[in-house]
Amino acid sequence: MADVQTQRAFQKQEGIFQNSKKLLAKKTSKGVRYWKEVGLGFKVPKDAVEGNYIDKKCPFTGNVSVRGAILKGIVISTKMTRTIIIRRDYLHYVAKYNRYEKRHRNVPVHISPAFGPVNEGDIVVCGQCRPLSKTVRFNVLKVIPNEIIGNVRKQFVLF
Amino acid sequence: MGISRDSRHKRRLTGGRMPIHKKKRAFEKGRQAAMTKLVSGEKRVRRLRVRGGNFKFRALRLSDGNFSWASEGVAKKAKIVEVVYHPSNNELVRTKTLTRGAIVQVDATPFKQWYLKKYNVDLGAKKTQKKDQPAQPEVKKSRSLQKKLEQRMKDRVIDNLVAEQFQNQRLLVRITSRPGQSGRADGYILEGKELEFYVKKVEQKKK
């Protein structure tokens, strides 16, 4: 429990009252945890329900709703805390030559601590939510582990 | 003043500059922060007309607020004594600035009186009582009141750390209102794990 409180302010889930008399009398250390389903058939990870982490931007235990677009991409960077960069590849049609050209976009996506360690090359399904920071508007809903040979940034994977 | 809340002065995600093709607009403007100070006995609140014709109440000096004791379900108006901790900035503690999220010490007497009335238990009373002190005059209680008190005593639970605080006549409270926006410093009494957390932080600071 103690490793959750790494910040200077007490980390807790916003709408949960932890100090009701019933809980005080019981003296159990478990406490109440708020979690919700995000809809669209996405399963809630076990760690979201049973875990201890506090993340207000998590789609399962925080204050964000997933609505709008659902995207799929391949993870290229996991160096930020609680957020990853995914790469979305697509083909752009050039009418003059009747052909396609490869293009890609990098999207920063918030990832909840409910998903264990995510590696570069994994495929991720993310849902649109309200702006969570200057550049993050998506939240990871599902991780599909995947092995990539070679440099992830040089791959072209069309979904 | 020139405080503007636009995003046009920031760079893009790619690092590229954004061309500035408009002047600052009035709907993007920001105002100076309130920096509400804790001054005993004084209350200074200014009214501001904001966008849409609505009003914000900028508290410049405050000395008391309405604090709720969540597990008991009461809120009482009490005097703020001291700012003790702030998670964002230590400077705010030194200058006794009241903001949302500040941890302050509050006078415990309104809550003590309420508790005495509800449960007939004097929190923070010294355990040993001198024999030569005159006994407190017994207030006559009606039978229905006594029955109610018995019932309440059965379910009475109190957090030990909170009960200890009553000994010093001070309770630790977290401010949850925004004094620079609403003009009030309201909050809730810390209990349980949160209380332990902040008590530790305050003691660390003292060292």
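## Where the chains meet

Let's start with the interface: 17 residues of chain A touch 23 residues of chain B, with contact meaning heavy atoms within 4.5 Å. This is a predicted model, where local features need pLDDT of at least 70, side-chain atom pairs count only at pLDDT 80 or more, and totals for chains, interfaces and linings use all residues. Residues are numbered from 1 along each chain as its sequence is written, chains are lettered from A in the order in which they are written, and side-chain values use heavy atoms, leaving out hydrogens and water.

Together the two chains bury about 1,700 Å², 57% of it on carbon and sulfur atoms; buried area is the accessible area (1.4 Å probe) that two parts lose on being put together, summed over both. On chain A's side, 41% of the area buried against chain B comes from Arg8(A), Phe10(A) and Lys21(A), more than from any other three residues.

## A salt bridge across the gap

There is 1 salt bridge between chain A and chain B. Lys12(A) and Glu194(B) make it with their side chains, at 3.5 Å from N to O (the cut-off is a side-chain nitrogen of Lys or Arg within 4 Å of a carboxyl oxygen of Asp or Glu).

## A sheet in chain B

Over in chain B, 4 strands line up as an open, mixed sheet in the order E2-E3-E1-E6. Strands here are DSSP runs of at least two residues, numbered from the N terminus, and two of them pair if DSSP finds at least two bridges between them. At the edges sit E2 (44-49) and E6 (97-98) of chain B, each pairing on one side only.

E2(B) runs antiparallel to E3(B) (residues 55-62), over 6 bridges. In that pair, Arg44(B) stands opposite Arg61(B).
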